Amino acid sequence: MATSTSTEGPPPEFRSYAAESLAQSPAGAVGKGGTLDLRFARGSDGQSRLVYDRATVPFHLTGGLYHDEAMPDIASAYVQDPTGGIAQGDRYESTIEVEAGAYAHVSTGSATKVLRMERNYGASTTEIAVGEGGYLEYLPEPTILHEDARFWQQVDIDLAPDAAVLFADVVVPGRLARDELFAFERLHTSVEAQRDGETLFADAVRLEGGDHLCGPGLFGEFRVVGTFYVVAPGYDDVAELADDLHECVQSDGDEADPSAVGGASVLPRESGVVVRVLGDRSSDATARFYRVWDRAREALVGAGAPDTRKF
């Protein structure tokens, strides 16, 4: 599995929060420390399957699904959270393993809500490992940061040389229908990838809530930020793929669309492509990411994205 930096504790700006005690159950206690383990493998018939799963509250799992018309041999799993959202002191830990040659798709049933916090913080750590020739799509629904939310998210990816991972992360900084824009307290998201023990790239988004985020060089007139990682260190021409994915986020249809802006660039060590989008609404980001998903999937495994209500 990937070597997670989360074992070293939270980032510096979260350590003072960690010392704050809670009136209810302590941080990470039963019901506040959810664990999710998924393992996918390819059978002798070529069909990928969810061969092991373990979920503790607040996680709930639908089990393995096989409904992708574009890629019938891929296995899907949808993760649910019936508790209503991540509260102060919650610690979510997930591991997703895709064995050699297996194809898997993991998503969530709805947006992840990070609730208002007065003490401590909420955290989610995900470790991903993909074996030789394996392929994983980890495409959760957007994360919504409520007023005063404090959220730390860490995703660690460990790939075999010919493996690939697609990962999307869309952040909505407030309940926009309530004009709760940028009222969260702090967000720290880190994504790191390695191959054979060698670091491929590390990317971090660190935001402190407030009206300053409306300034130039930050969100400007936009309200939602999304990042899509196509991690494929064995792909032959990542520069061409970056150009293709850049084209995917430039407009909606034939006309220029001012509701979102975005671009794509090659990841360090030519390990893949990163796409970042700013939009007015979460749907502005996810609509463009559907096109990114479709194009990247076609390039990597020769099948477009399925027709789905998600994205």
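1. In this note, a residue is called buried when its relative accessible area is under 20%, exposed when it is over 50%, and partly exposed in between, with a 1.4 Å probe and with protein chains only taken into account. By that rule Asp196 is exposed, because its relative accessible area is 62%. The structure is a predicted model, in which local features need pLDDT of at least 70 and side-chain atom pairs count only at pLDDT 80 or more, while totals for chains, interfaces and linings use all residues. Residues are numbered from 1 along each chain as its sequence is written, and side-chain values use heavy atoms, with hydrogens and water left out.

2. On the overall fold, the chain has 3 helices and 17 strands, where helices (H or I, at least four residues) and strands (E, at least two) are DSSP runs numbered from the N terminus. The radius of gyration, taken over C-alpha atoms, is compared here with a globule rule of 2.2 Å times the number of residues to the power 0.38. For 311 residues a compact globule would have a radius of gyration near 19 Å, and the chain agrees with this because its own value is 19 Å. The C-alpha trace spans about 55 × 45 × 35 Å along its principal axes.

3. A contact here means heavy atoms within 4.5 Å, and among the contacts in the chain with a separation of 6 or more, 75% come from residues 24 or more positions apart. Accessible areas come from the Shrake-Rupley method with a 1.4 Å probe, and for residues only the protein chains shown count as cover. The accessible surface of the chain comes to about 13,500 Å², and carbon and sulfur atoms hold 46% of that surface.

4. On charge, Lys and Arg count as positive and Asp and Glu as negative, while His and the chain ends are not counted. The place of each charge is taken as NZ of Lys, CZ of Arg, CG of Asp or CD of Glu. The chain has 26 positive and 51 negative side chains, and the centres of these two sets lie 7 Å apart.

5. Some backbone details deserve a careful look. Most residues other than glycine have a negative phi, and most peptide bonds are trans. Against that background, a cis peptide bond joins Val57 and Pro58, with omega of about 15°, and Pro58 sits in the loop between β2 (48-55) and β3 (60-61). Asp148, although not a glycine, has a positive phi of about 65°; Asp148 lies in the loop between β10 (143-145) and β11, and it counts as partly exposed at 23% relative accessibility. Asp196 also is not a glycine and has a positive phi, of about 50°, and Asp196 is placed in the loop between β13 (186-195) and β14 (198-208).

6. Gln154, in strand β11 (residues 150-159), is buried with a relative accessible area of 3%, and its side chain is joined to that of Asp156 by a polar contact of 3.0 Å. Thr95 belongs to strand β5 (residues 91-98) and is partly exposed at 21%; the side chain of Thr95 makes a polar contact of 2.4 Å with the side chain of Asp37.

7. Arg42 is found in strand β1 (residues 35-42) and is partly exposed, with a relative accessible area of 48%. A polar atom of the Arg42 side chain lies 3.5 Å from the backbone oxygen of Gly46. Leaving aside neighbours within four places in sequence, Arg42 is in contact with Gln47, Ser48, Ala100, Gly101 and Ala102.

8. Which residues does Pro11 touch, not counting those up to four places away in sequence? They are Trp152 and His188. Pro11 is in the segment before α1 and is buried, with a relative accessible area of 9%. Gly9 also lies in the segment before α1 (15-18), but Gly9 is partly exposed at 24%.

Definitions and conventions. A polar contact is a pair of N or O atoms within 3.5 Å; within protein, one must be able to donate a hydrogen and the other to accept it, and residues adjacent in sequence count only if both atoms are side-chain atoms.
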